[in-house]
Amino acid sequence: MTFNMCTNLYVKDVNSIASIFKAIGLAELHREKVGESDTVILAPLVEGNARLQLWDIEFIRSTSPEVADDKPSLLFTVDNIEEIHEKAKNSGASVVSDIQEHMGKQSFYFATPEEQYFAFMQA
């Protein structure tokens with residue numbers, strides 16, 4: 001049995017947030033119009049089984065208002081923390097923390113201009 005995972009993230013500006021994740025190194029797998037808005041599927045690895053789908057929050061408020069304000073807490077694990085940290089600093093993220101030691105591993109967090117926070121930790 002194979003399991004695939006897709007985390008939904010509801011944002012105001014799909015294209016802007018997608019460009020941040022692409023600058024950090026995620027691949028854009030699919031983009032389509034849903035009504036008047038875009039939705040984008042990104043992934044750390046094209047062949048991997050984890051996905052991040054960006055949805056326009058106003059579309060979600062109109063179709064599923066009960067989940068529109070849910071915010072996931074995502075932690076990405078990577079082998080190359082310094083490289084990803086440098087990419088994050090140049091991605092358009094509004095906040096990128098310094099690399100810190102946490103639970104014996106290096107980590108940092110970043111925030112989008114829409115104040116969604118994500119973290120990276122050394123694998």
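This is a predicted model: local features need pLDDT of at least 70, side-chain atom pairs count only at pLDDT 80 or more; totals for chains, interfaces and linings use all residues.
Within the helix itself, the buried residues are Val14, Ile17, Ala18, Ile20, Phe21 and Ile24. Seen down the axis of H1, these buried residues fall within an arc of 155 degrees, and they therefore line one face of the helix.

Phenylalanine 21 pairs with phenylalanine 110 in an edge-to-face arrangement, with 5.9 Å from centre to centre and 70 degrees between the planes. Because phenylalanine 21 lies in helix H1 (residues 14-24) and phenylalanine 110 in strand E8 (residues 105-111), the pair ties together parts that are 89 residues apart in sequence. Phenylalanine 21 and phenylalanine 110 are both buried.

A stacked pair is formed by tryptophan 55 and phenylalanine 59, so described because their ring centres are 5.9 Å apart and their planes stand at 10 degrees, where planes under 30 degrees apart count as stacked. With a relative accessible area of 17%, tryptophan 55 is buried, whereas phenylalanine 59, at 23% relative accessibility, counts as partly exposed; the cut-off for buried is under 20%.

Returning to Phe21 and Phe110, the reader will find both in one aromatic cluster, which they form together with Phe76, Phe108, Phe118 and Phe120.

Methods:
Residues are numbered from 1 along each chain as its sequence is written. Side-chain values use heavy atoms; hydrogens and water are left out. Rings of Phe, Tyr and Trp (its six-membered ring) pair if their centres lie within 6.5 Å; planes under 30 degrees apart count as stacked, over 60 as edge-to-face and the rest as tilted. Helices (H or I, at least four residues) and strands (E, at least two) are DSSP runs, numbered from the N terminus. Buried means under 20% relative accessible area, exposed over 50%, partly exposed in between (1.4 Å probe, protein chains only). The arc is that of the directions from the helix axis to the C-beta atoms.
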